[in-house]
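Here is a short briefing on one protein model. Take a look at the structure, then read the points below.

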Amino acid sequence: MLTAIVLIDTDPSRIPEVAQTIADQPGVSEVYSVTGGVDLIAMVRVREHEELADVIADRLSKVEGVRRTQTYIAFRTYSQHDLESAFALGIED
């Protein structure tokens, strides 16, 4: 599984609509509205490298209201949450 973190600048008046449109795209697992230098951060997870272009260049960057994207491809994941999920037995606390 490949993970890309996509920083997205949008038209400020359209942030909620742009976020929802992006969240509805196949390959997008989460979209966060954030403070700081960008408006949105999208997490893209795909199986094949070529799918990144389909999701990011062919769809996300063409959503009405998206002004600019900047993509970071993750090499490794370091997350306690992922480790806990991997060992979870489905037993409720």
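Helices (H or I, at least four residues) and strands (E, at least two) are DSSP runs, numbered from the N terminus. This is a predicted model: local features need pLDDT of at least 70, side-chain atom pairs count only at pLDDT 80 or more, and totals for chains, interfaces and linings use all residues. Residues are numbered from 1 along each chain as its sequence is written, and side-chain values use heavy atoms, leaving out hydrogens and water.

**Alanine 23**
- Alanine 23 sits in helix α1 (residues 15-23).
- Alanine 23 is partly exposed, with a relative accessible area of 34%; buried means under 20%, exposed over 50%, and partly exposed in between (1.4 Å probe, protein chains only).
- Beyond its neighbours within four places in sequence, alanine 23 is in contact with Val28 and Val31 (contact means heavy atoms within 4.5 Å).

**The nonpolar core**
- A nonpolar core is a set of buried Ala, Val, Leu, Ile, Met, Phe, Trp, Tyr and Cys residues joined through side-chain atoms within 4.5 Å.
- The largest one has 18 residues, and Ile22, Val44 and Ile56 have the most contacts inside it.
- Two or more residues of this core come from each of β1 (2-10), α1, β3 (40-46) and α2 (49-57).
- Leaving out residues up to four places away in sequence, isoleucine 56 touches Ala4, Val6, Val44, Ser61 and Thr71.

**Aspartate 39**
- Aspartate 39 lies in the loop between β2 (28-33) and β3.
- Its contacts beyond four places in sequence include Ile8, Tyr32 and Val34.
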